[in-house]
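Subject: Structure handover and notes

Dear colleague,

I am passing on the structure we spoke about, together with notes on what was found in it. Please look through the model first and then read the notes beside it.

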Amino acid sequence: MVQKNNSRQRSRPRMATNIVLMLAAVSITSAEYYQKDYYSEYECSEPLLEHAALSATSQLRERGPENARLNGGSTWTAQQSDFDQQFIIDLGDVRNITRIETQGRPHSNEYLTEYSISYGFNGLDYIDYKESGGNTKLFKGNKDGDSIRRNSFEVPIIAQWIRINPTRWQNRISLRAELYGCHYESESVYFNGSGLVRYDLLRDPIAATRESIRFRFKTAHPNGVLLYSRGTQGDYMALQIKDNRMVLNLDLGAKIMTSLSVGSLLDDNIWHDVIISRNRRDIIFSVDRVIVQRRIKGEFDKLNLNREFYIGGVPNRQEGLIVQHNFTGCIENLHFNATNFIREMKDAFYDGEHLRYRMVNVNYNCPEPPINPVTFLTRGSHAKLKGYYSSKSFNVSFAFRTYEEKGLMLHHDFLMGSVQVFLEDGKVKVRIKDDNYEHSPGTILDNYEQQFNDGNWHHLMLTMKKNNLVLNIDDRPMETIKQIDITTGTLYYIGGGKTKDGFVGCMRSFAIDGNYRIPTDWKEEEYCCKGEILFDACHMIDRCNPNPCKHNAVCKQTSMEFTCECAGTGYAGAVCHTPMNALSCTAFKNVHDVKQRQRIEIDVDGSGPLAPFPVTCEFHSDGRVVTVLSHSSEHTTRVDGFAEPGSFEQNIIYEADLPQIEALLNRSTECWQTLSYACRSSRLFNSPSEPENFRPYAWWVSRHNQPMDYWAGALPGSRKCQCGVVGDCVDPTKWCNCDSNSLEWLEDGGDIREKEYLPVRGLRFGDTGTPVDEKLGRYTLGPLRCSGDSLFNNEVTFRIPDATIDLPTFDMGHSGDIYFEFKTTIENAVMLDSRGPTDFIRLEIVGGTKLLFEYQAGTGTQKVYVEMSNWLNDNRWHSVSVERNRKEARLVVDGSTKAEVREPPGPVRALHLNSSLTIGARQDYRDGYVGCIRALLLNGEPIDLRSYAERGLYGVSPGCVGRCESSPCLNNGTCTERYDGYTCDCRWSSFKGPICADEIGVNMRSSSSIKYDFQGAFRSTLSERIRVGFTTTNPKGFLLGFFSNITQEYLTLSISNSGHLKVVFDFGFERQELIYPVKHF
């Protein structure tokens, strides 16, 4: 605990003077914060269902929702087992809910294995309980019908209505349940849009390195200032709602604003929970349990606030605010650290300390505004409302919000003609017809370029009279003068009803001919259809918040799904996760035909957070690959007129950001950068010097913005140039050529090869006099060059089928990917495998031509496979990329051949894996892989497989070395690689046996011979290699001969009468004879 000054005079702590921080570090979760704050004095664990009203979407006879009591003799069982079933609990009033316990049907095999929870305050609007990443949390259910499964809510639910949504079940959906919690105490204030609360900090300023703020709010307005304060040193904190999203802007006095944003659709008039927790420059910002975690910019740690602290609005414009509206709505239980501000404010007025507070247009109750929204859930749902008949004027207004690009919002038939207001490509258009022909196209008015399917509320009014039409959207009227004469009919169709493409979304504030039509007053015949319209609630889901698209791709959505626009990101796939660029120049060479130099983009971390960047690849004839990263100052630059040391400054801008460059450096075997300085009477280091009096005129700046004390070609810390290290400077008493101060042009240069200091980020020069003297310099800084790629050197060989490498659990979650390259000769094998309680992933090679990826995430097994036209077990390197995200699973082989499978319908589930990630076989060591694997990346992070192999793992060796590398097959036998062994093909040799070492011979008598007739196999050759082995005691004899009956050419090999070897041949020119006289055979 950390406390600011002053002792406590009463049980009530003074605001801002006694601040008790509940968070000791930013790593403490919001769950721990809630638990410490809410339950430090009592345990909040009372059973809550004793007096609750229970209902469900369907039920079996004698198994209704009233039977769903924990440890009861019966149960609730849904009539159908599908994703549309819900169990609903009305607690009667708002409660603090801390945990849930569930059972299935007693003494049976019917129970929930997984479910989600939604909560609300009116039984109509519900909010899903979410994980910190923004995904709906799926709670683990039971393993049988009788045992009790407990799930605690990390952050308590504050609600009256709880809805349990089954997502997985055994046999049938059956449930018994109990909720635990306690009474909820509410302290709230209401702001009307022109009000505020001002708290004076002049007497007790805040100067803290840590603080926490939490509260709840609800509003029907998309913009408004919630909290604001600032200090005289430039610090400020601004919390505001901007276009339905919560935005927090902070500055700790560095004059650099840090902005965080979270949440969406916050103007739905539903209570939302907000947490802000700061520990120095680390901050957690959460809305409805969706967390954003960030590092505050600048170098200061304290937040110094010594002026007013505003709640609900500000009296004038302030720094850090991006909205100009004060808040309209309610704020409840506003806590600063351990202090409930609203309760403090109430007590202060009773205790005579009210002068510190100023309240303007603020009430202590929280009224319910008469909003009455309607949700059109399907394209066939609509309303049919009556207006004035036979009127010569027409006026309809309503507000709408949607994510759909198209949909009919309004249709009215005049006595002659009609008018429609509809969405097309997100734009609002009007169609006017002056006849009653069904197929008449009419006239379309397209006056707004803006798209209105952004999920925000938009107010629309359409007014018509003779020869005049005015369409007003968001107080921007567009008038059309057209020859029209209208006479109104009876019915006004809202939301559709006349076409199959009706409106899907929310509407409110209906007015027809000046009469408001409150949806709750609509009669049954005035709308269609039951179950397709939701009254008094706006049921919309923002699927793009948090953005499910990776790598800053644009998310677009409809009422049913989201799509990601990957153009320009360098990534592909349903969520823009799969990299389209090579990992390096080496990787590019592995899969492409290359030229000597090629300009490409590389993505050093694959699917990781680093974006691709351009490089030039140099492919040398000796196999070396050099990656060249250019910068903006590669031309030779003149330096003149800068006399003071370092007064000439040149910052180097590369074609990649520093994190991208660091990743390239870390992956490369070696890197270097050439730097040279040509000088005329311009000194460089003013050498020689001692460390304590080293005062150079010039230096270069390292990666970490450190001025370096050596020149290119020398050693760190030497205070020398290359010539000073070698000892061949022009002036032997100096350590740099330029330090001789000669009027002749001299040069100091070389390569900087220390990777830890590269790249050069800046150059500083001096001692170049004035523009009119003879002092002058010129420098040249080359691009950053790197060679080698450690990723592809990270190879291991699996030599035994049951050998494995067990990596830590791979949390694939809702989105994850695996990349590696393999080389093998095996036809069928499992290459990786991982499991959870019910989920699993597995990748295997099948039949030598197919790769199969199988996984299970809650539902049945999903499969995606790629079948190649070529062999995958051809002992060549092949790449494979496996990705699973919330929309699909994707398998890419050799960078081009791909296959995809869509996720099954229902809630998107995370892959829950808790075993090791086994490389090389199944978890039980079956179906093992033999061969090489390299360049393993998990979510873009390289895995050092080689380090596992170097520990002496069974059957795994570092590097990729096959059994054939040692040439075990003798006598020109052909070795076939198996990695766990080898085979020798001796067909093209005169030997046999396992390694072609056994001679194949025959015992010949003087009267015997062997003749081969090559009829039909005639061919012409330019060279021949003939090998024959023999042993004999006869002084003469015929060994071997070739004859052609077409050309009459021949060659014979024999032992002459003298015992020497003799070759006689005629290849079409003349007969020739060669004798080998050295030895008698």
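The notes below go through the strands, the aromatic rings, a helix residue and some backbone details.

Please keep in mind throughout that this is a predicted model.

On one side, β29 runs antiparallel to strand β28 (residues 407–413), to which six bridges join it, and leucine 410 stands opposite valine 421 in β29. The two strands make a hairpin with four residues between them, and glycine 417 in that turn has a positive phi of about 100°. With strand β30 (residues 427–433), β29 pairs over seven bridges, again in the antiparallel sense, and here valine 421 stands opposite valine 430. The hairpin of β29 and β30 has two residues between its strands, and aspartate 425 takes a positive phi near 55° in it.

Turning to the rings, the count of aromatic pairs comes to 38. One of them is formed by phenylalanine 191 and phenylalanine 327, whose ring centres are 6.2 Å apart and whose planes stand at 65°; because planes over 60 degrees apart count as edge-to-face, the pair falls in that class. Phenylalanine 191 belongs to strand β10 (residues 188–200), whereas phenylalanine 327 is in the loop between β21 (308–311) and β22 (328–336), so that the pair links distant parts of the chain, 136 residues apart. Both partners fall under the 20% limit for burial, since phenylalanine 191 has a relative accessible area of 0% and phenylalanine 327 one of 1%. Elsewhere, Phe642, Phe648, Tyr677, Phe685, Phe694, Trp711, Phe765 and Tyr779 form one aromatic cluster. Two rings also have a charge over them: the charged end of arginine 99 sits over the ring of tyrosine 180, 3.9 Å from its centre, and that of lysine 346 sits over the ring of tyrosine 364, 5.0 Å from its centre.

Isoleucine 342, in helix α2 (residues 341–350), is buried at 2% relative accessibility. Beyond its neighbours within four places in sequence, isoleucine 342 is in contact with Glu187, Ser188, Val189, Ile331, Glu332, Asn333 and Leu334. Glycine 727, by contrast, is 385 residues from isoleucine 342 in sequence and 78 Å from it in space, C-alpha to C-alpha.

Some backbone details may deserve a look. The peptide bond from cysteine 528 to cysteine 529 is cis, with omega near 5°, and cysteine 529 is in the loop between β38 (527–528) and β39 (533–535). A cis peptide bond also joins serine 687 and proline 688, with omega about -5°, and proline 688 is in the loop between β49 (670–680) and β50 (699–701). Serine 509, in strand β36 (residues 505–512), has a positive phi of about 55° although it is not a glycine, and this residue is partly exposed, with a relative accessible area of 35%. Aspartate 536 likewise has a positive phi, near 60°; it is found in the loop between β39 and β40 (554–557) and is partly exposed at 30%.

Finally, an unreviewed UniProt entry lists residues 44–182 as "domain: F5/8 type C". In the model, the end C-alpha atoms of that span lie 5 Å apart, and the span is 0% helix and 50% strand.

Best regards

Conventions: Residues are numbered from 1 along each chain as its sequence is written. This is a predicted model: local features need pLDDT of at least 70, side-chain atom pairs count only at pLDDT 80 or more; totals for chains, interfaces and linings use all residues. Side-chain values use heavy atoms; hydrogens and water are left out. Rings of Phe, Tyr and Trp (its six-membered ring) pair if their centres lie within 6.5 Å; planes under 30 degrees apart count as stacked, over 60 as edge-to-face and the rest as tilted. Buried means under 20% relative accessible area, exposed over 50%, partly exposed in between (1.4 Å probe, protein chains only). A charge sits over a ring if NZ of Lys or CZ of Arg is within 6 Å of the ring centre and within 35 degrees of the ring normal. Two strands pair if DSSP finds at least two bridges between them. Contact means heavy atoms within 4.5 Å. UniProt positions are given in the numbering used here, feature names are shortened, and annotations may be inferred rather than shown by experiment.
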